[in-house]
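Biologist: I have a structure open and would like to learn how to read its side-chain features. Could you walk me through them?

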Amino acid sequence: MANMSINLVLYHGSMLPHETVPCLRRPTRTRALATDRALQVSTERSSCSGSYCSSCCFHSKGCSTIRWKRLVRSCSTTEFVIAGDENYGNKQVVSLTPRLYDYVLKNVREPEILRQLREETASMRGSQMQVSPDQAQLLAMLVQILGAERCIEVGVFTGYSSLAIALVLPDSGRLVACERDAKSLDVAKKYYHLAGVSHKVDVKLGLAADSLESLILNGEAGSYDFAFIDAEKRMTPGYFELLLQLVRVGGLVVIDNVLWHGKVADPLVNDPKTISIRNFNQQLMEDKRVSLSMVPIGDGMTICRKR
């Protein structure tokens, strides 16, 4: 990969313009150079009176992640990122800090039944696979905007996202929920029942590809309004092709984990899952069958509209 220069502006200040905090830092412009060896970021100008902000030098070997987290908490930090390409006009894009993300979560209208499911799932193995409340709220809103009545989810886990979708479907709506793990699916079915939406959810236990192919063979191609993929990442391209057959023109296919914890943008990370997601993202960019928008919410979601 060729060297690429990235400009970042780290703005350290309070959440509100009029707040005063013990530690304030003037805007700091940094330049990052990504090479085939390491990503290094060095500051051109910085000053700070805080106890943890004596430097802002980030190297692959240097300040630890723990130290940076302490710096964030000490300075009530808000990060702004600026694209390296000056043609973007030095637009400042906010980067979520723990404090800011807590604020986002406080502004999510999470139904009580979803909160209960989220908290039960938090104690389970693999709980990190559950979508975040802000993601689920966005999915539900997309379903409502579409006026969707027929939906598909590939990768249910304990049912947080599928329950969010089922709750906003009309009483005559249908959600095909594909999951291969019976234990996690039992949790999902329990909450479908508690929420009173079991009649809307058609649970498919087994391999999702088999279930989707069965729907196509059953003559259901082009009859679905919305689909969500949150399953085995190396299978995503195959799921996408099947769902593109099942979703109508104007319908949506949403894919989760397209940023993959930031690994897709790191030239040093080349494990099979990351490569698969990176390649799929590139394929989507070139796919004229859909219009799309990659949204940096949760672990990244791409919303595709079938043309």
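Predicted model: local features only at pLDDT ≥ 70, side-chain atom pairs only at ≥ 80, totals over all residues.

Biologist: Where in the chain do Phe240 and Phe280 sit?

Modeller: Phe240 belongs to helix H8 (residues 236-246) and Phe280 to helix H9 (residues 272-285). They are 40 residues apart, so the pair links distant parts of the chain. Both Phe240 and Phe280 are buried.

Biologist: Which ring does the charged end of Arg150 sit over?

Modeller: That is the ring of Tyr224, with the charged end 4.3 Å from the ring's centre.

Biologist: Now the backbone. What is the phi of Phe157, and what is that of Trp260?

Modeller: Phe157 has a positive phi of about 55 degrees, although it is not a glycine. For Trp260, also not a glycine, phi is positive at about 45 degrees. Phe157 is in the loop between strand S6 (150-154) and helix H5 (160-168). Trp260 is in the loop between strand S10 (247-256) and H9.

Biologist: Is Phe157 buried or exposed?

Modeller: Burial is read from relative accessible area, and the cut-off for buried is under 20%. Phe157 comes out at 12%, so it counts as buried. Trp260 is also buried, because its relative accessible area is 12%.

Biologist: Why does Ser132 count as buried?

Modeller: Ser132 counts as buried because its relative accessible area is 12%. This serine lies in the loop between helix H3 (112-122) and helix H4 (133-146). Its side chain is joined to that of Asp134 by a polar contact of 2.7 Å. Setting aside neighbours within four places in sequence, Ser132 is in contact with Tyr101, Tyr160 and Gly298.

Biologist: And the cysteines: how many disulfides does the rule give?

Modeller: The test is whether two cysteine sulfur atoms lie within 2.5 Å, and here the count is 0 disulfides. Burial is a separate reading: Cys151 counts as buried because its relative accessibility is 0%. Cys178 is buried too, with a relative accessible area of 2%.

Conventions:
Residues numbered from 1 in each chain as written. Heavy atoms only, no water. Buried < 20%, exposed > 50% of the residue type's maximum accessible area, 1.4 Å probe, protein only. Helix = DSSP H or I, 4+ residues; strand = E, 2+ residues; numbered from the N terminus. Lys NZ or Arg CZ within 6 Å of the ring centre and 35° of its normal. Polar contact = N/O pair within 3.5 Å; in protein donor to acceptor, adjacent residues only side chain to side chain. Contact = heavy atoms within 4.5 Å.
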